[in-house]
Amino acid sequence: RYNALTFLPFALLNQFKRYANIYFLINAILQSIPAISPLSPISAVAPLVVVIALSILREGFEDMQRYKSDLDTNSTKSQRYMDGVWEDIEWKDLVVGDIIRVEEGQFFPADCVVFASSDEKGIVFINTSSLDGEKNLKQKFALRETQELAADSRELRIMGTIRCGPPSPELNEFSGSISLGAGQTLLLSAKQLMLRGSALVNTSFAICIIVYTGDDSKIMKNADQPHDKQSSIEQAVNKLIMAIIGLQFLMSLVIFVCFFIWTSKYAAIYD
């Protein structure tokens, strides 16, 4: 959510989304004017600074925890087929077109098309509870032609081109085609798409090729930007603070009008 340059200004700005901080800031400014306040400004400024500083430190700690969680996820290892061997690679280094192998119990690191699985018919079972909250297993399957080409995961000999549409947030929509040469073109659908964040279950392994990764994956397309959440109590306090500010402003306006009228009538007599 933040970086080294934006943390302090953005975190400070977020603190003043709470009307109570605005209220006490106005009080601190007024108390700093000797002509209208007999009180020391320190008594108003110090508590406000302490409260805002502690809130900013808490915000920084929570954002650091989110950052560490992202690092842990991006540093997760997966197997990629490169130059005839399977090698371990971190998720953050995977790119579109990489051929990967996902073992049972592992999560898919990106949106990818399944080529083959340990099942002779190319059937794949996945758990998408982290995406849609559904705990029932979903069945996917590899095309018969690709299953025959990639069934032996120790040595892959696949040449072809995959064409698909632009990234979309729709979890259950996907269309594309794969050309394997010799004029052979096969259609792809959502039944061949493995989504990032889903887990492979009841299947020993699956061989896939990445089609969307990073911010283009469907789970990231559906991710909301971080935003401030306000409890019902905080919303009620904001309304009360606005009512207090409005009432005090009205009282000050009435007193000012009365003072102006009084001085215009009687100031010359007392002079």
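A residue is called buried when its relative accessible area is under 20%, exposed when over 50%, and partly exposed in between, with a 1.4 Å probe and protein chains only. The model described here is predicted, so local features need pLDDT of at least 70 and side-chain atom pairs count only at pLDDT 80 or more, while totals for chains, interfaces and linings use all residues. Residues are numbered from 1 along each chain as its sequence is written, and side-chain values use heavy atoms, leaving out hydrogens and water.

**Salt bridges**

A salt bridge is a side-chain nitrogen of Lys or Arg within 4 Å of a carboxyl oxygen of Asp or Glu. The whole structure has seven salt bridges, including those in the table.

| Asp 98 | Arg 80 | 3.3 Å |

Asp 98 and Arg 80 are both buried. Asp 98 sits in the loop between strand E2 (85-90) and strand E3 (99-103), and Arg 80 in strand E1 (residues 77-82), 18 residues apart. Helices (H or I, at least four residues) and strands (E, at least two) are DSSP runs, numbered from the N terminus.

Glu 103 is partly exposed because its relative accessibility is 25%, whereas Arg 101, at 15%, is buried. Glu 145 is partly exposed at 21%, and Arg 144 is exposed at 56%. Through shared partners, salt bridges also join Arg 80, Glu 87 and Asp 98 into one network.

**The largest pocket**

A pocket is an open set of points on a 1 Å grid over the protein atoms alone, where a 1.4 Å probe fits, with protein on both sides within 12 Å along at least five of seven lines; lining residues have an atom within 4 Å of a point. The largest pocket holds about 800 Å³ of space. Its lining has 24 residues, and the closest to the centre are Asp 70, Arg 196, Asp 215, Met 220 and Ala 223. Helix H3 (42-74) and helix H6 (218-221) each supply at least two lining residues, and H3 gives the largest share, six. By class, the lining has nine nonpolar, seven polar and eight charged residues.

**A nonpolar surface patch**

Eight residues, Phe 249, Leu 250, Leu 253, Val 254, Phe 256, Val 257, Phe 260 and Ile 261, form a nonpolar patch on the surface, with about 800 Å² of accessible area together. Patch residues have over 30% relative accessible area and no salt bridge, and nonpolar side chains are joined within 5 Å. Leu 253 lies in helix H7 (residues 232-270) and is partly exposed, because its relative accessible area is 40%.

Conventions
Patch = residues over 30% accessible without salt bridge, like charges linked within 9 Å, V, L, I, M, F, W, Y side chains within 5 Å. Areas by Shrake-Rupley, 256 points an atom, 1.4 Å probe, with all protein chains shown as cover. Points joined across faces, edges and corners; volume = space filled by probe spheres on them. Nonpolar A, V, L, I, M, F, W, Y, C, P; charged D, E, K, R; others polar.
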